[in-house]
Amino acid sequence: MTTHPAHTATHRSHRRQPWRLLLATTAALAAHTLTAATATADPTTEDWAALRHCESTNRYQVNTGNGYYGAYQFDLPTWRSVGGTGRPDQATRAEQDYRALYLYRMRGWQPWSCARSLGLRADSDAASGVTPTRAAAAYISGKPHQPGQAGPAWPGTVYRYGDCARHLRTFQLRMNDFGYDFQGTGCYYHKTREAVLDMQRANGIRDSGLLGPRTWRAAWNGTPPR
């Protein structure tokens, strides 16, 4: 029997349909898996930066005088609800970032009116109730600490309260990476002493308040203050 060419082509086309369906289904599942994996991430660095800029013009040490503090404008009850101690504006950059992520994991964007005005969208981690690790929050400000990174050599002078020197300015600006708010005056007064003591306590150095070689090196190669 002679088979019509058009009939043969149609028949073959029908035989190929299950394979096309399988390929389409596989592709759809892969796309769904990829979307699901992306959706479970915390907010981006850019989202956090936009939130801080709206809330506090990105000032970690700001005290607005109306009961709200720091880069994320925590009030004290909210700060304490996520384990914060003291005042938010007196905490380090890393600590404020961590508590902000903690709050996001507990309540999503709801506590921040700026999140609504910015149109920030929550993902599956929002209000998940999963307590974050500090390492999970390291990405937020875009300046995670890198132990062992090269730093300037110790200048050879032990600095104390009342001293002014260009090397003190170098130390002050380095401490801004950990959430301090130095203007880089290069003069050692109360705020610099506080940063020196924080660095000494974080690294097991005797808390003398003197900026000597061990404290200087710890600012670049040691444990960041919390």
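Predicted model: local features only at pLDDT ≥ 70, side-chain atom pairs only at ≥ 80, totals over all residues.

Biologist: Why is serine 141 called buried?

Modeller: Its relative accessible area is 14%. Buried means under 20%, so serine 141 gets that label.

Biologist: And what does serine 141 touch, leaving out residues up to four places away in sequence?

Modeller: Thr45, Arg52, Tyr60, Arg93 and Asp97. What makes each of those a contact is having heavy atoms within 4.5 Å.

Biologist: How far is serine 141 from glutamine 96, in sequence and in space?

Modeller: They're 45 residues apart along the chain, and 9.9 Å apart from C-alpha to C-alpha.

Biologist: Now threonine 57. Where does that one lie?

Modeller: In the loop between helix H2 (45-56) and helix H3 (76-81).

Biologist: Why is threonine 57 called partly exposed?

Modeller: The relative accessible area of threonine 57 is 46%. Buried is under 20% and exposed is over 50%, with partly exposed in between. So 46% makes threonine 57 partly exposed.

Biologist: What about alanine 127: what is its phi?

Modeller: Near 55°, again a positive value in a residue other than glycine. You'll find alanine 127 in the loop between helix H5 (113-118) and helix H6 (166-175).

Biologist: How do you know that alanine 127 counts as partly exposed?

Modeller: Its relative accessibility is 46%. That falls between the 20% and 50% cut-offs, so alanine 127 counts as partly exposed.

Conventions:
Residues numbered from 1 in each chain as written. Heavy atoms only, no water. Helix = DSSP H or I, 4+ residues; strand = E, 2+ residues; numbered from the N terminus. Buried < 20%, exposed > 50% of the residue type's maximum accessible area, 1.4 Å probe, protein only.
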